[in-house]
Amino acid sequence: MAECAIELEKCSYTYDGQVRALRNVSCTIEAGSWVALVGQNGSGKSTLAKLCNGLLRPQEGRVRINGADIRDRPVGSVAREVGYLFQNPDHQIFAPTVREEIAFGLRNLGFPGEEREQRLRSTLEAFDLTAYADRPPAVLGFGLRRQVTVASLFACGSPILILDEATQGLDWQRSQGLLDRLQERQDVGHTILFITHDMRLVAERANRVMVLHQGELLAEGPVRKILSRPHLLARASVSPPPVTHLSQLLRPWGMKGDSLTVEDFYLEYVALLAEREGV
Ligand SMILES: Nc1ncnc2c1ncn2[C@@H]1O[C@H](COP(=O)(O)OP(=O)(O)OP(=O)(O)O)[C@@H](O)[C@H]1O
Ligand SMILES: [Mg+2]
């Protein structure tokens with residue numbers, strides 16, 4: 001059986017005894033998978049993410065990371081296994097310089113001096129941040145501040161990565177660069193939980209999708225299966241990528257209605273035309 005990286009068992013979370021953000025959520029995220037977490041604003045995505053890294057503790061239920069209950073573990077210890085990118089970079093950044101921001105996480109995880117320096121240097125280079133190393137993150141633009149938080153996350157090398165709307169506010173090139181880096185992590189067996197409102201990105205990159213609605217898990221399954229259920233998505237205020245919608249409109253003409261990418265659509269459509277023309 002596949003190993004389970006993250007497991008929530010009947011988890012509920014209420015803020016200040018008043019706002020019920022998650023109700024009785026159970027889910028498992030397989031090690032090595034890329035899971036997208038989607039749902040309307042306020043559906044509980046960020047709350048779920050924070051339960052997974054111990055920043056919030058469920059009032060009911062259990063969270064297991066790599067099979068072990070994290071109830072009694074401090075956040076710093078969970079961080080060795082779970083790296084978390086905050087939805088808002090300004091909630092994550094607090095050091096006076098870019099260099100110190102990235103070094104902080106490495107120090108916290110206990111990397112010895114020499115390895116820390118080496119990881120710091122290679123991360124600054126890999127993320128094109130060397131020129132900004134001694135600048136205060138606060139003076140950088142949004143895209144660069146996001147880049148600093150992503151760099152901190154990658155520097156630590158935690159095998160489970162949770163990213164909360166990581167590509168929001170990034171241009172296409174930066175988004176694709178980040179997604180490619182995540183892909184590299186997945187290729188070496190790391191697990192990715194990716195929160196986003198961008199369904200095109202879900203279609204192109206994720207293996208599975210979890211849909212939250214008003215704090216409850218409405219559905220979970222392979223991307224193709226979930227994205228081809230328009231009524232389910234509409235209930236969660238999520239719209240499928242335009243190409244999936246188009247293929248659904250063309251169902252009466254023989255399309256299956258579950259194209260995830262333009263390439264997918266093109267191949268199915270051309271095959272359909274060829275069949276009709278008896279080629
Ligand atoms: N610190 C907090 N104190 C009180 N209520 C909160 C707090 N954080 C979130 N909430 C509430 O909990 C619910 C779930 O919020 P959460 O941030 O988890 O949703 P989300 O799906 O991440 O939304 P978004 O797409 O806007 O980021 C919402 O009703 C929200 O207003
Ligand atoms: Mg959120």
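## Strands and the open sheet

Two strands pair if DSSP finds at least two bridges between them. Helices (H or I, at least four residues) and strands (E, at least two) are DSSP runs, numbered from the N terminus. Strand E3 (residues 34-38) and strand E8 (residues 191-195) run parallel and are joined by four bridges. Leu37 has Ile195 of E8 as its bridge partner.

This is a predicted model, in which local features need pLDDT of at least 70, side-chain atom pairs count only at pLDDT 80 or more, and totals for chains, interfaces and linings use all residues. Residues are numbered from 1 along each chain as its sequence is written, while chains are lettered from A and ligands numbered from 1 in the order in which they are written.

Which strands make up the open sheet, and in what order? Six strands form it, in the order E6-E7-E8-E3-E9-E10, with mixed pairing. Strand E6 (82-85) and strand E10 (216-222) are at the edges. Each has a single partner strand, so one side of each is left without a neighbour in the sheet. On average, neighbouring strands of this sheet are turned by 15° against each other, direction ignored.

## Helices on the sheet

Helix H6 (residues 142-156) lies across E6 and strand E7 (160-164). H6 runs at about 175° to E6. Axes are lines fitted to C-alpha atoms, for helices over the stretch in contact, and angles run from 0 to 180 degrees between N-to-C directions.

Helix H7 (residues 172-187) also packs on the sheet. H7 touches E3, E7 and E8, and its direction makes about 145° with that of E8. Contact here has a cut-off: two residues are in contact if their C-beta atoms, placed from the backbone, lie within 7 Å.

## Helix against helix

Two packed helices are described by the angle between their axes and the distance between the axes. Take helix H4 (residues 98-108) and helix H5 (residues 113-126): their axes come within 10 Å and cross at roughly 135°. H4 and H5 are therefore oblique to each other. Angles under 35 degrees count as roughly parallel, over 145 as roughly antiparallel, 65 to 115 as roughly perpendicular and the rest as oblique. H4 contributes Arg99, Ile102, Ala103, Leu106 and Arg107 to the contact, and H5 contributes Arg116, Arg119, Leu120 and Thr123. By class, this contact has four nonpolar, one polar and four charged residues. Ala, Val, Leu, Ile, Met, Phe, Trp, Tyr, Cys and Pro count as nonpolar, Asp, Glu, Lys and Arg as charged, and the others, Gly among them, as polar.

H5 also packs with H6, at an angle of about 140° and with the axes 10 Å apart. H5 and H6 are therefore oblique to each other. Arg119, Leu120 and Thr123 of H5 meet Ala151, Phe154 and Ala155 of H6. The contact of H5 with H6 has four nonpolar, one polar and one charged residues.

## The hairpin

Strand E1 (residues 4-15) pairs with E2 in the antiparallel sense, over eight bridges. Ile6 stands opposite Ile29 in E2. E1 and E2 form a hairpin with three residues between them. In the turn, Asp16 has a positive phi of about 50°.

## Around the ligand

How many residues surround ligand 1? There are 13, and the closest are Tyr15, Asn41, Lys45, Ser46 and Thr47. A residue is near a molecule if its C-beta atom, placed from the backbone, lies within 6 Å of it.

Strand E2 (19-30) and helix H1 (45-52) each supply at least two residues of this shell. The largest share, three residues, comes from H1. By class, the shell has three nonpolar, eight polar and two charged residues.
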